[in-house]
Amino acid sequence: MRSITIIVCAMLIAGCCSAAVQIENADFNAGPPAVAPPGWDASHADDTMTVDDADGHPAPPCLRYSAEDQAPWRYLTQVISLEPQTDYVLSASFKFSGAVRPTVGIREPGAPRMTFSINGGAADGWLRQQTRFNSGALPQVELIVYGDRGPGDNSRPGEARIDSIRIDVASDLAASAPIVGGYAGPPPGENLALGKSYSWSAKPSYPLSMDDADIVQLTDGEFTAGYFWAQKTTVGWKVRKPLSVVIDLEEPAPICGVSMRTAAGVASVGWPAMIFVLTSMDGENFEYQGELVSLSGEWGLPHPQRYTAHRYVTDRLEAAGRYVKLVVCPGSQFIFADEIEVFRGDFSIGDVEPGEPVESDASMVADHRLQGIVGVRLMYDLQDMRAVLAASEIAAARKSPIAAALDALETEALGTEFEPVDHWRGLPYNDLEARIWAINSQIRQAEGLPELTLWQSPRWDMLDPFAPPTGTGAAVTMPIMNGEYRSAAFNLTNYGDRARNARISVDLGDVDPSVVTVQEVQYVQTQDRQIVANALPVADLDADGRARMAVPAGATRQVWLTVHPVDVAPGTHTGQITVEIGGEQMSVPITLDVAPMDMIEPPLSVFCWDYIGDTVSYAPNFVDPDAMAVNLADHFVDAPWLQAGWMPWPQEGEIDAAGHITAPMDFSALDRWMARFPRARLYCMYMSYHSMRNALAVNSERWKVAMGEWATAVVEHLREKGIETDRWCVLPVDEPGEAKREQLAIDVSNALHATQPELQIFEDPTRKDPENAIPELYEVSAILCPNLPRIVAPFEKAGEYYSALARDGKRLFVYQCSGPHKLLDPHTYHRLEAWHAWNLGATGVGYWGYVDSKPTGSSWDNFKCGGTSYSLVYADDIHLADSKQWEAVREGVIDYTYLAMLRDAVNANAGEDTPAVRHARELLETLPGEVAGTLSSGAYRWVDQRDRTAADTARDQILQALIDLNE
């Protein structure tokens, strides 16, 4: 239907395409170099932002940001006038070095946050960026220019340049290139939906945007200005299943396209996973027409984790109907929209071929979700490749054939019905995606990069599959104790024209090489379309015992090494890792410095609400629960959890009028569960059924008698198995956060304690002000497990409250339940939880959850169409693999164990004042606070750049201190 060009900025630079909105001194040509360029308000800037008359784009001068220190955000502003309810395109040119992110944005005058923005991305050299936005009801907006918009509220050290800021009316521009925010150009046809009525499958339910006008706002032609879901012009839902909206066009019409405008990218709001388009003549019988997100990819797709408003749009439909239905599969638990459009086609209704009949929304989603999973992924890949090409400094003559190849691949992707994929193999999904990735090889070869590179990067950092190597060579040097686990990684980048098979072998001289497990780091698509190098399946072995893995063309494959020595002689052991790939042989030197002491059993308890009974509650298709139990034990999980349904309960009719249990309960499922975890330190049971599943009135005498007898029967049965009450606990009420639920937990606990006072109650209270909880909740609970983010900065007061309880003898655990795990920083969120636990005096850590493959059957496949994936591991029906987050949990447990060993060593040498003792004492006093630092939700984002070496460095320091004390 059209030829897409990759020259993204051409339509926005020339100035011939439209009359630009008036921006004073938009190219920083006016005035001499100064802190405050004429036309701009510099009250929030300083001398880090000046006019540079030497290096502008396309000609000098430009705005330059240069800072040596971190400081609060520095920025310039300018208020500009716009026409209300008009689509515009904001564009600017960027150049930078270092970790800074120069940004140009639009906000409501005086508002605290931008509603639309563009930035320099992640490439050196001048790069032009643009975004589409709508002015909404605002006659004026504030243009804001940051030298660096770093995380939090701080600008970072570094240098950047910004130039040629421009705002154009979108409809005046040629529709010729992908763009942030969605299609820019004239509408593809009359908007048939304007002013029309519609119905929905669920009423709007998001309170900040709800109002009586929700029933008209999706087709009223008015767009939201300001922070999207906080505006009444937006319609919002909190949902866990697909949402359908049916628009009545009032008469049959030819339909060439549709659009839906939404926003996401922050605050746990994900982009729609899929938007299916259906049409009908009668409102009852619908036909499938296509998947909008993938079809709109030719006009640009939104960044997975940056806030913006985006219009998904296509004009590739050849349909007809009176009714148009959009079935929106949420990428998280929210859906927002402010406008849906339906465009009239310039063809006859009679020429339209019938579409595929749809029996139900559910069956249609099941039949076509692969189109959304794979098709959208390919459009994002093409967008990534175009961004790499645009940022490359190779000559235009070399870019042209690569651009043409991308156009051809896009045409193929848009016309392909995708076959089923093996999700457990990771990305790329299929041959077509592999060929798209291979375009990166053409670009990098043109830049002069070698076909094969072995290199190293910080293993906890997010790894971009398409970014070039930052160096060459790698080495593994690892101080370690027998009994512990440590990890390392190196990278293989393949810029050849096809995938290469790597063979990897480990030689450690007299040390059995099996102490090193080689794992392949798989690329996985998250539910919000971010690619993460994250799954860690153990590499397959060839006939010679070498690990083998494929390195896709145009991409980097990370090789993960998990080292676990047992009974290895203390001392230095050297060897090499040999990599054979593409006819080349490369090596990585490896050194293990084995300490003269063994790691003790970890004193920190670990749990995950894993719920592994005869089947796995959150992975019901997985066929080998024993394998999961082994995996949990290998990661030091010593407090497994049993779901309420697997616990023994009296059956219907087995409680008499006085409350006595009249028949023996079935303990077989409980016994099988305990047998699966023979080394558990603490068996944890989620009670849940406060009425005993027999409709008993809570707090009635009958209920109290039954609860007491139930407790006695369970205690006696476990004692027969050799398990005393200090090795098991029950959770009566999950996450009590207000008085009613706190009282219920107290009532259940008292009923159990009436006959078994030593039975341990586990409670996970969620009050931000724990001192206001009912005090008896803390008295009846043997184990208190508050949510970690609610008791650390800025909630230190709550943390001090719980720490005081721990000092008084209360057993304190902490847990976290953010998600999806795949997008959380392994170092900050997972590994450092153990350090926070140490600082708080806690002796247990937990996570929600362990595995989560419902309802897709695979935690490699995150597209639930509602809800969040909380899986720490990857599992389908037969495959099970770790993640980097799960590995980080294990290393955090070992960090805690190191601290405990150091504390014990300092206490054992309390009467001495040697340099080694003084140094060890200093480390014990300073490291926990320095490493843990402050915790906030913003620190959870894996995509953000930060130093993730603190825990590794601290562990090395502690081990050396232990060695020094041992000498």
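Buried denotes a relative accessible area under 20%, exposed over 50%, and partly exposed in between (1.4 Å probe, protein chains only). All views show a predicted model, in which local features need pLDDT of at least 70, side-chain atom pairs count only at pLDDT 80 or more, and totals for chains, interfaces and linings use all residues. Residues are numbered from 1 along each chain as its sequence is written, and side-chain values use heavy atoms, with hydrogens and water left out.

**View A. Salt bridge between R831 and D895.** The closest N and O atoms of R831 and D895 are 2.7 Å apart; a salt bridge requires a side-chain nitrogen of Lys or Arg within 4 Å of a carboxyl oxygen of Asp or Glu. R831 belongs to helix α13 (residues 826-831) and D895 to helix α15 (residues 884-908), so the contact ties together parts that are 64 residues apart in sequence. Helices (H or I, at least four residues) and strands (E, at least two) are DSSP runs, numbered from the N terminus. R831 and D895 are buried. Both residues also take part in a network of salt bridges, whose members include R459, E484 and R486.

**View B. Salt bridge between D407 and R386.** The N to O distance in this pair is 3.0 Å. D407 is in helix α5 (residues 396-414) and R386 in helix α4 (residues 361-391), 21 residues apart. Both side chains come from buried residues, D407 and R386. A search of the whole structure finds 58 salt bridges.

**View C. Aromatic pairs of F607.** Rings of Phe, Tyr and Trp (its six-membered ring) pair if their centres lie within 6.5 Å, and planes under 30 degrees apart count as stacked, over 60 as edge-to-face and the rest as tilted. F607 and W609 are edge-to-face, at 5.0 Å centre to centre and 90 degrees between the planes. F607 and F762 are also edge-to-face, with 5.8 Å between centres and 90 degrees between the planes. Because F607 lies in strand β35 (residues 605-607) and F762 in strand β39 (residues 760-763), this pair ties together parts that are 155 residues apart in sequence. The relative accessible area is 0% for F607 and 6% for W609. Ring pairs join F607, W609 and F762 into a cluster that also includes Y618 and W848.

**View D. Open sheet of 4 strands.** The strand order is β28-β29-β44-β43, with antiparallel pairing; two strands pair if DSSP finds at least two bridges between them. The edge strands β28 (522-525) and β43 (874-875) each pair on one side only. Between β28 and strand β29 (residues 531-536) there are 4 bridges.
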